[in-house]
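Welcome! Here is a short briefing to read alongside the sequence and the model. Please have your viewer open as you go through the points.

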Amino acid sequence: MLTHPVVEGSLPRRFRRLWDEIAPIGRDDRSGGYLRYALTDPELRLREWFRAQADQRDMPVTEDGNGNLFAWWGAPEAGNAVLTGSHFDSVPHGGAYDGPLGIVSSFLAVDELRAAGTTPNRPIAVAAFVEEEGARFGVPCLGSRLLTGALPVEQAAELRDPGGVSFAEALGGPPAGARPELLGRFAAFVELHVEQGRALVEQAAPVAVASAIWPHGRWRFDFTGEGNHAGTTRMTDRRDPMLTYAFTVLAANKEARRLGAHATVGRVRVEPNATNAIPSAVTGWLDARAAEPETLAGLVEAVHDRAAERARRDGTGLRLTEESATPLVAFDGGLADRLARLLDAPVLPTGAGHDAGVLAGHLPTAMLFVRNPTGVSHSPAESANDDDCAAGVQALAAALEELT
């Protein structure tokens with residue numbers, strides 16, 4: 001039974017020791033990126049690591065029936081708890097820090113508070129949320145959406161990965177869905193995350209507080225045409241959905257630049273996917289983000305209109321489906337200001353989605369960012385140095401102490 005964990009060495013060294021325990025898990029030797037998809041072997045190994053870390057700190061672990069884990073310092077049933085943590089899963093060949101940094105930092109923040117002799121007046125819980133990236137089952141922040149009731153259980157259960165495995169099968173049973181009694185135990189949530197940009201590099205600051213998350217979403221464009229032989233079909237006789245798809249990608253780029261928004265088509269599926277065959281169908285996924293909801297709606301509408309016009313010219317079919325959408329999330333202003341003053345840290349907006357954005361609609365929520373020297377994220381080039389990570393741990397510990 002641990003009441004005060006043994007703390008040896010400087011905080012950057014302690015961070016590095018803990019970080020090195022998980023660094024090899026799920027890393028692809030060729031790209032250097034990570035393949036930590038939700039509920040696959042690498043992520044399951046990380047979940048076991050989470051349980052082991054919690055056990056070492058005498059923090060009992062509970063599950064919510066949706067794949068989310070919670071390690072408790074204090075009685076779970078006491079209520080009025082402060083929640084922290086993040087996620088383990090990655091995008092394909094993603095970076096090391098996006099998600100896991102928040103979980104490692106949370107355990108180290110608990111160590112810092114205990115080593116200082118701090119006794120919180122309310123429980124602290126460290127969370128590991130499932131399927132935050134949406135890389136396996138297609139819906140980002142799946143675990144937090146289920147916990148808060150933002151996604152119907154039946155819909156979530158039937159989500160399938162590229163191999164045809166459903167979320168319910170991967171989970172070992174149907175998800176529990178909304179857990180208002182669990183959500184009601186939390187008084188606040190603070191998520192620490194690596195910065196996904198270079199603002200902190202430009203401001204020469206190791207840590208920042210988030211102000212808001214841009215509205216964003218994912219839209220699926222299904223283009224249909226006529227499959228045919230690449231060598232025998234005259235150019236004038238073709239109904240090639242790849243042409244419509246290619247035009248749509250360029251249109252998305254042009255419209256996003258015109259509106260000051262972000263548009264990315266980073267995933268495509270082609271049928272029959274043969275070098276010597278004109279495709280019969282092409283599906284592309286648009287990720288769109290903007291500072292204001294009206295701009296985002298205008299962007300998606302403009303891309304759809306230009307795609308539809310091109311489809312008429314190409315003789316192809318087009319169907320647009322909204323797969324997920326997240327409104328503008330303004331974090332609790334009083335909490336953000338309070339933490340910015342406490343930490344003497346700058347306040348930044350972000351265009352990236354997070355579980356904190358989902359939970360913000362249900363309880364006071366804040367985010368802390370740790371400087372990323374490259375400014376690159378969702379890539380092996382994503383990085384943070386140990387001193388800045390230690391500064392993030394200290395900032396999180398200070399925030400948790402303030403809130404408890």
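About 30 Å³ of space lies in the second largest cavity, in what is a predicted model. Its lining divides into 1 nonpolar, 4 polar and 4 charged residues.

- The largest cavity has a volume of about 60 Å³, and the elements giving two or more residues to its lining are β7 (216-224), α9 (241-259) and β11 (281-289).
- Residues lining the largest cavity are F221, F223, Y245, T248, A252, V265, G284, W285, L286 and V303.
- By class, that lining holds 8 nonpolar and 2 polar residues, with no charged ones.
- The second largest cavity is lined by D89, S90, V91, G94, G95, D98, E133, H378 and E382.

- Helix α1 (residues 11-22) has 12 residues and reaches 17 Å from its first C-alpha to its last, close to the 16 Å expected at 1.5 Å a residue.
- Which residues of α1 are buried? They are L11, R14, F15, L18, W19 and I22.
- Helix α2 (residues 41-56) has 16 residues, and from first C-alpha to last it reaches 23 Å, close to the 22 Å expected at 1.5 Å a residue.
- In α2 the buried residues are P42, E43, L46, R47, W49, F50, Q53 and A54.
- Seen down the axis of α2, those buried residues fall within an arc of 155°, so they line one face of the helix.
- On the face of α2 turned away from its buried side you will find the exposed residues D41, E48 and D55.

**Backbone details to look at**

- For context, most residues other than glycine have a negative phi, and most peptide bonds are trans.
- The peptide bond from E271 to P272 is cis, with omega near 5°, and P272 is found in the loop between β9 (262-271) and β10 (277-278).
- N273 is found in the loop between β9 and β10, and although N273 is not a glycine, its phi is positive at about 65°.
- Is N273 buried or exposed? With a relative accessible area of 61%, N273 is exposed, because exposed means over 50%.
- D344 is not a glycine either, yet has a positive phi of about 50°; D344 is found in the loop between α11 (333-343) and β14 (347-350).
- At 70% relative accessibility, D344 counts as exposed.

**Cysteines and a loop glycine**

- How many disulfides does a search of the whole structure find? The search finds 0.
- C141 is buried, with a relative accessible area of 5%, and C389 is buried too, at 1%.
- G163 lies in the loop between α5 (153-157) and α6 (167-171), where G163 is exposed with a relative accessible area of 69%.
- From C-alpha to C-alpha, G163 and A297 are 32 Å apart in space, and they are 134 residues apart in sequence.

Conventions. Residues are numbered from 1 along each chain as its sequence is written. This is a predicted model: local features need pLDDT of at least 70, side-chain atom pairs count only at pLDDT 80 or more; totals for chains, interfaces and linings use all residues. Side-chain values use heavy atoms; hydrogens and water are left out. A disulfide is a pair of cysteine sulfur atoms within 2.5 Å. Buried means under 20% relative accessible area, exposed over 50%, partly exposed in between (1.4 Å probe, protein chains only). On a 1 Å grid over the protein atoms alone, a cavity is a set of points where a 1.4 Å probe fits but cannot get out, and a pocket is an open set with protein on both sides within 12 Å along at least five of seven lines; lining residues have an atom within 4 Å of a point. Grid points are joined across faces, edges and corners, and a volume is the space filled by probe spheres set on the points. Helices (H or I, at least four residues) and strands (E, at least two) are DSSP runs, numbered from the N terminus. Ala, Val, Leu, Ile, Met, Phe, Trp, Tyr, Cys and Pro count as nonpolar, Asp, Glu, Lys and Arg as charged, and the others, Gly among them, as polar. The expected span of a helix is 1.5 Å times one less than its number of residues. The arc is that of the directions from the helix axis to the C-beta atoms.
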